[in-house]
Amino acid sequence: MVTIHIDNQSYQVEAGANLLQACLSLGLDLPYFCWHPALGAVGACRQCAVKQFKDENDSRGRIVMACLTPAQEGLRISIADPEAHAFRAGVIEFLMENHPHDCPVCDEGGECHLQDMTVMTGHVHRRYRFAKRTFRNQYLGPFLNHEMNRCITCYRCVRFYRDYAGGRDLNAMASHNHVYFGRIEDGVLENEFSGNLAEVCPTGVFTDKTFKAHYTRKWDLQTAPSICVHCGVGCNTLPGERYGTLRRIQNRYHHEVNGYFLCDRGRYGHGFVNSEKRLRQPLLRTEGSETVAPVSPTEALAHLAALCAGPTVIGIGSPRASVEANFALQKLVGPERFFNGMSASDAGLTRLILDILTRRPVRSPSLHDMEQADAVLVLGEDVTNTAPRIALSLRQAVRRAALEIAGARHVPLWHDGAVRDAAQSAKSPLFVATHSATRLDDVAAETWHAAPDDLARLGFAVAHVLNPDAPEVPGLDAETAALAGRIALSLSAAGRPLVVSGTGCGSPAVIRAAANVAMALGRTGQPAELCLVAPECNSFGAALLGGEGIDAALLALERGEAETAIVLENDLYRRADRAAIDRALQAAKHLVVIDHLGHATAAQAELVLPAATFAESSGTLVSSEGRAQRFFKVFAGNGEARESWRWLEEAQRAAGRGNGFDGLDDVIAACAAAHPKLQGIAHAAPSAKFRLLGEKIPRQPHRYSGRTAMLGGINPDWSVAILPLPHTTPHGLQPVADRSPLGRAGEGRGEGVPLIDTSAKGNVPHPNPSPARGRGANERPQINIHEQKPPNDPDTPLAFSMEGYGGAAPAALIPVYWAPSWNSVQALNRFQDEVGGPLRGGDPGVRLIEPGADWIWFSEIPAAFQRRADEWLIVPLYHIFGSEELSPQAPAVAERCPRPYLAMNPADADALGLKAGDQADLRLPEGALRLPVELRGDIAPGMAGLPAGLEGTAGIGLPGWGKIDRETRP
Amino acid sequence: MEKPLTKNFLPNGAFPDLAAYELAGGYQALRQALTRMTPAEVTQAVTDSNLRGRGGAGFPTGRKWSSMPIGAGAPRPRYLVANADEMEPGTFKDRLLIEGDPHQLIEGMIVSAYAVQADVAYIFLRAEYTRAAQCLRQAIAEAYGAGYLGGNILHSGYGLELYLHISAGRYMCGESSALMNALEGRRATPRDKVLRSTDSGLWGKPTVVNNVETFCNVPHIVTHGAAWYKALSRSADGGTKIYGASGKIKRPGAWELPMGTTIRELLEEHAGGMMDGFALRALLPGGASTEFVLDEHLDVAMDFDSVQKVGSRMGTGTLVVLDDRTCPVGMLRNLEHFFAQESCGWCTPCREGLPWIEHVLAAIEEGRGEAGDLDMLARQAKFLGPGYTFCALAPGAMEPLTSGLKYFREDFERHIGERRCPWRG
């Protein structure tokens, strides 16, 4: 620590720290644009100018940029100095020369860093009297809107997109005051992290296009801390709601997990919450009927209670449902009749992974840990497409070598410009061994594409080179042995090596091989880091509850060992062979589905209960790191959708067997008691009883508008179309019951005017129990605009209100980043003790998994891949957009999803007489598919790739052997 | 008077080929340096000669070279770059040197490269210098043919590869760090100076960047020694200098003269004085990015320190003369148009400030000036000054403006007051 003097006040800061960062950490207001805590300093915008003095006798001083100044003992600066102040206002005036004067119609308005900085510098009057420069905007795809006239040329976009995220198709073009940030031509931005530009851009050049489509101001959004549900990484998110629809997702900072950035699937995949396919009320199939009919929750619960009283009820849980939902189901059916809802393969692999991470001496790293790795082996996992945010972290790990070079030249590591000048493209070793090319190959020291068994053999070979005690690979060819030697050399030379693998290529051998490498690395000192990517947002949580995969459940149904199946937030058809599911469901007497979207499984159910999505419920997810993290209800939801655990508990109560689960904390407590491995989940976030100065924490910002109109039943946003639901009238002039003591509910009902009971949900449109609505000229509905109480939330310490404790909340409960003078996302600076460091009070979540000590090598080494004469090994090809179940429900993501295809080695295709684009027939045990052929040199001969999880390919067990023929014409 | 730099120039515009250059004693310095001197001795000779960088900043060349890490443990490859991106308005001395005697530059570069033990050298040439490019291509080929370039030059064990790189054409590339970025294929934006290029320059490796004229001096220093070289000069800075002059003068041109020749001698003797009917108003002593000097400063010696004492810089040593029949506001507008156009767009004050200044100057010249405009210009000039901007481009652009506002205040005020340009009638 050193002492520095700012405006004659002494402060202790870390030696060599970035002065701008230090000032911000001290809570001082110093404006900036081009600097970003994750991107470092380049000194372009000149906005953070301060006056530096040689000593206390120096009265002249000189202007320096805080972002390029290291904090050294005795450093003496002034922020308030009139000259520095005038210059900072002058920089804003320069930036305003060409910036439009139309904040009121700009999407960024109200959360614009440029607005904040303008106010901060005191610049109020523009003297520039000449014509403004204008640009043409580009079409950049479905995610981002481009408005170049708003550009202030801070270079952050290209520094994030190119330097940080490895994108190639966005660049700075032209020069002087015509620098243009865009693509060479209009087109979809290719990089998987493009959406971060909306947050990185300090003004309205790059804005969230999906948000624009149903725009609202930041201060009108109701927000709550959440966790992304679109992969197993567990990125922290901040979803925002207005008028009953989820409007957008922004990054929620977590120092150990996602830092400042999300992937585009996580940011844009939330559209399923607003989907027309949402189930909004219970549906019941009356006996012998082909169709289901809506029923009241009471009827539905009575039905479920009756089914549960039956002889054998099994529960099929879900890796995409919360720990609490899965636990409530397990509680209802009993542990021996609970299945974790994963495919047979995923269930086995996830169990294997948990076994490795809890019993072997290997440690699951956070993303932040991964970024510190100085040598990385990726074995078998296409992380960019299965756990995208990890790929962004691995890109940062590759830069360790550059930082070392710069450090050796005494360049401060926050000085991004100088680091890149000094280290150029120096990279730490990254080895990517996968069954097909990945989007990390461009920064890899070496890539190797081979069949899963060969990948496993490579891993086992690396482990053996690292530690001769690890089993040797029999019959290893010279090429693989040499590669294994090079990988082992790099990993053993590293200070912090990392191995990354996962369930992606469906091979337990690959995971075991990765574990051997990590164990071989860890022997001398600390446990080595091993990241094993789980397929879904709560794969670990579901697996920790125990239970087998759905294959066992299907078998039980088919054999008649169970009569009733309750399927929780799960479309079975995505996880097993269609025929097997059909047989099982036909054999089942009763099928109950609790989910938020209609799907093939729900279509066969006797009873369907509408489940709240992540945005309408609270619960816990366990990430691939083994971190239990709580997500919170963002809004109360529409229709009768409620938390799955609540449905299950209410059904049990209806049957007279309730567990006493009145709130989420009760479920958590029971779960923690029943499952020692899940004991930590109670500490993932403060309980519902938590209060600050006796108050809850408001989900609505203090500037939230339109509340009276909304809660009074009048929707001020007439343009918002509320989803048309059976028996639901559009949200609008809805007659409502007033349950307040002064209300006249009974009176209203007595008049025969259909009144809606809003006691449970408050501000949301409710299904109208009576389809007949007489509204003659003389029968104008009674409109009650009395402001109702906001919906109650017994599960969390957050309130559906703008009232409550407005000060600093614990990190797990921060609903919005806002601070005086800081309205943009960069208000985050005010929530960290040290800007760029952990959130004040510690980052949220609890690690449930820590290394074990069982030093047992895996020795089941597969034989080398042998191609077959008339069959191909069909391997899964993952797509960030398309392979995951929920995100393609978002229209913007759907636009980016590929159509099914068959990827083949050109030589193999040629042998079959197939050219690119030709139709091929792929025959698998699950059935036949006709697919266009794509030629891919990265796919080894004897293998072929099939996109995973798409409509038409989901449910196919991959890898597996299949026959390929030219299209056979009928 | 000795004129080592231009002694081989031919009258007909042709240049001495290898044979002619060798006949005139060419490549003897190379032979002497590589076969009879250590690299350190070459550097010492250059240090002793008081040769200062001819690109405009006047940094002592020997000192720059001394900071190059050489020896067994030093990083490789090491680079040497000739900055031939001569885009300073009013400046054309490097072009003359290249076109007049390309082998002199090449020999100078090889000797210099030997001194700093560079492995690869580049000539970064202004795109418009097509004739210079032709000369260099031929000369480089000849030098390779004669074994002066390539591996194991003259059996000395030292080797050097030399490449000619034609710039895509930006004034910014004349700034040595932006030049390195451009050479690497990156945007021609300047680098932060926290790293010295001799530690971490081109591709992060030790790099020496010198001006063409600087390199051309080196063979003569090696051949004749530092004492001889210093004796060529009339000032503390060693050697001769290519001075030039343009404007309404009788004989615009460039001349090799002893360092420290006075402005008056340049203007009156060599340039022949003002054209008939024109009187001297002021002049920029060393290209567009230097401050105006007036009649009263004409007896100042043109060397780095002396010109600085009267508030300007010698810069490139090429005078731009303003006469009494040319509108100074129009001249400044033209200059600032150039700088605004050539700003790389990296830092805010330069990118946004220069076009604003240009707009204001245009408005004043066209009779649309407003009362506060001069204060505005003065304020902008401050915010575009040293320390405020990322590199020296904008501060350089402000040198003629701030001095112009001081010396031509009345002209500005007349423009604004009369709402017209008095020179346009």
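# Notebook: a predicted model of chains A and B

**Entry 1: helix α23 of chain A.** I began with the buried residues of α23(A), which pack against α8 (297-308), α9 (323-333), β24 (564-568), β25 (590-595), β26 (607-610) and α24 (664-674) of chain A. I note at the outset that the model is predicted. Helix α23 covers residues 644-654 of chain A, and nine of its 11 residues are buried, so the helix is largely enclosed by the rest of the structure. I listed the buried residues of α23(A) as A:S644, A:W645, A:R646, A:W647, A:L648, A:E649, A:E650, A:A651 and A:Q652. After α23(A) I found A:G656, which has a positive phi, near 80°.

**Entry 2: chain A as a whole.** I counted 28 helices and 37 strands in chain A. The C-alpha trace of chain A spans about 90 × 90 × 55 Å along its principal axes. Why does the radius of gyration of chain A agree with that of a compact globule? For 970 residues a compact globule would have a radius of gyration near 30 Å, and chain A has 29 Å. I recorded 58% of the 970 residues of chain A as buried. Of the contacts in chain A with a separation of 6 or more, 73% are between residues 24 or more positions apart.

**Entry 3: the nonpolar cores.** I then looked up the largest nonpolar core, which has 410 residues. Which residues have the most contacts inside it? They are A:I390, A:V462, A:A514 and A:V517. Helix α18(A) gives this core its largest share, 11 residues. Apart from this core I found another, of nine residues, which include A:V411, A:V419, A:A423 and B:L195.

For A:I390 I set aside the neighbours within four places in sequence; the remaining contacts are A:V233, A:L367, A:M370, A:V383, A:V500, A:C531 and A:V533.

I next examined α18 itself, which runs over residues 508-522 of chain A and has 15 residues. From its first C-alpha to its last, α18(A) reaches 21 Å, close to the 21 Å expected at 1.5 Å a residue. Helix α18(A) is mostly covered, with 14 of its 15 residues buried.

**Entry 4: strand pairings in chain A.** I traced strand β34 (residues 919-924) of chain A and found that six bridges join it to strand β35 (residues 927-935), with the two running antiparallel. A hairpin of two residues connects β34(A) to β35(A). Within this pairing, A:D921 stands opposite A:R930 of β35(A). Strand β34(A) also pairs with strand β37 (residues 960-966) of chain A, in the antiparallel sense and over four bridges. There, A:R923 has A:K963 of β37(A) as its bridge partner.

I also noted an open sheet of three strands in chain A, in the order β27-β28-β31 and with antiparallel pairing. Which strands stand at the edges? They are β27 (619-622) and β31 (846-847) of chain A; each has a single partner strand, so one side of each is left without a neighbour in the sheet. Four bridges hold the antiparallel pairing of β27(A) with strand β28 (residues 627-631) of chain A. One pair of bridge partners is A:T620 and A:R630, the latter in β28(A).

**Entry 5: chain B as a whole.** I counted 17 helices and eight strands in chain B. Its radius of gyration is 22 Å, close to the 22 Å that the globule rule gives for 425 residues, so chain B is as compact as a globular protein of that length. The C-alpha trace of chain B spans about 75 × 45 × 35 Å along its principal axes. Of the 425 residues in chain B, 58% are buried. Among contacts in chain B between residues at least 6 apart in sequence, I recorded 72% as joining residues at least 24 apart.

**Entry 6: B:S289.** I located B:S289 in the loop between β7 (280-284) and α12 (304-309) of chain B. Is B:S289 buried or exposed? It counts as buried, because 27 C-beta neighbours lie inside 10 Å.

Conventions: Residues are numbered from 1 along each chain as its sequence is written. Chains are lettered from A and ligands numbered from 1 in the order in which they are written. This is a predicted model: local features need pLDDT of at least 70, side-chain atom pairs count only at pLDDT 80 or more; totals for chains, interfaces and linings use all residues. The expected span of a helix is 1.5 Å times one less than its number of residues. A residue is buried if 20 or more other C-beta atoms lie within 10 Å of its own, exposed if 12 or fewer, and partly exposed in between; C-beta atoms are placed from the backbone. The radius of gyration is taken over C-alpha atoms; the globule rule is 2.2 Å times the number of residues to the power 0.38. Two residues are in contact if their C-beta atoms, placed from the backbone, lie within 7 Å. Two strands pair if DSSP finds at least two bridges between them. A nonpolar core is a set of buried Ala, Val, Leu, Ile, Met, Phe, Trp, Tyr and Cys residues joined through C-beta atoms within 7 Å.
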